[in-house]
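Please walk me through this model in the viewer, one selection at a time. I would like to know what to pick next and what is there.

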Amino acid sequence: MAPDRTAGSGAGAEPYVPSSRSLKTLSTAAEECQGCELYRNATQTVFGSGSRQARILLLGEQPGDQEDREGLPFIGPAGRVLDRALARVGIEEPDVYRTNAVKHFRWKPAPGGGKRRIHQPPTQEQISACRPWLLAELDAVRPDVIVVLGGSAGKSLFGSAFRVGEARGTVRTWSGIHVVVTIHPSAVLRADDREGAFEGFVADLRTAAEVMK
């Protein structure tokens, strides 16, 4: 029997995920994913980016407006914060794989019309629907460390009860992989004390760098 690929069928992304663990094959297959309703309003699927030999996997929430338009993760303002922090702690690009818990941008129109699109956090149902893609990426990359960037990312690994505030500053394990929890870099941009928030973010990434050694 052919898999049920009807969006909203409850199967999530699982029917769309191939058995191959080639990142190129997975990325191509993800372009056709209709495992939840988010594909309808997104410009495109934004799959992970980086080397299969990466030692650290950076797990965010979902693509933002710029990522949705260009098709790559972490290339907007939050991505620039992330790049600056990685450089500070000496984590080099060949060691990094970047991805999100949810591969489509969830948004709503700005009040009063116009082209601006307002970010909306994914629901737990949407996070769960997209989880098969993340599991396939983790199986393909097999990183030494996962850095959880924010609550939605944590919920994709640890379930709906996950809270960043409770887990931040600890080194956990998931399926035998070390996990370091921190805020999403977008939280640095929203903070009243951006410098302090950035330094705290750097400290968390430094923990991840030390775990990699």
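Buried means under 20% relative accessible area, exposed means over 50%, and partly exposed lies in between. Keep that scale in mind for this predicted model, and begin with Phe 158: its relative accessible area is 28%, so Phe 158 counts as partly exposed.

Now bring in Arg 172, whose charged end sits over the ring of Phe 158, 5.4 Å from the ring centre.

Move on to Phe 47 and Trp 133, both of them buried. Their planes stand at 90° and their ring centres are 6.0 Å apart, so this pair is edge-to-face. Phe 47 belongs to the loop between helix H1 (23-30) and S1, while Trp 133 belongs to helix H4 (residues 124-141), so the pair ties together parts that are 86 residues apart in sequence.

Time for the sheet. Select its six strands: they form an open, mixed sheet in the order S1-S3-S2-S6-S8-S7. At the edges you will find S1 (49-50) and S7 (171-174); each has a single partner strand, so one side of each is left without a neighbour in the sheet. Further in, S2 (residues 56-60) and S6 (residues 145-149) run parallel and are joined by four bridges. Leu 57, for example, has Ile 146 in S6 as its bridge partner.

Then show helix H8 (residues 194-212), which packs on the sheet and touches S2, S6, S7 and S8 (177-182). The direction of H8 makes about 170° with that of S8.

For a last stop, select Phe 198 and Arg 84: the charged end of Arg 84 sits over the Phe 198 ring, 3.9 Å from its centre.

Terms used. Residues are numbered from 1 along each chain as its sequence is written. This is a predicted model: local features need pLDDT of at least 70, side-chain atom pairs count only at pLDDT 80 or more; totals for chains, interfaces and linings use all residues. Side-chain values use heavy atoms; hydrogens and water are left out. Two strands pair if DSSP finds at least two bridges between them. Helices (H or I, at least four residues) and strands (E, at least two) are DSSP runs, numbered from the N terminus. Contact means heavy atoms within 4.5 Å. Axes are lines fitted to C-alpha atoms, for helices over the stretch in contact, and angles run from 0 to 180 degrees between N-to-C directions. Rings of Phe, Tyr and Trp (its six-membered ring) pair if their centres lie within 6.5 Å; planes under 30 degrees apart count as stacked, over 60 as edge-to-face and the rest as tilted. Buried means under 20% relative accessible area, exposed over 50%, partly exposed in between (1.4 Å probe, protein chains only). A charge sits over a ring if NZ of Lys or CZ of Arg is within 6 Å of the ring centre and within 35 degrees of the ring normal.
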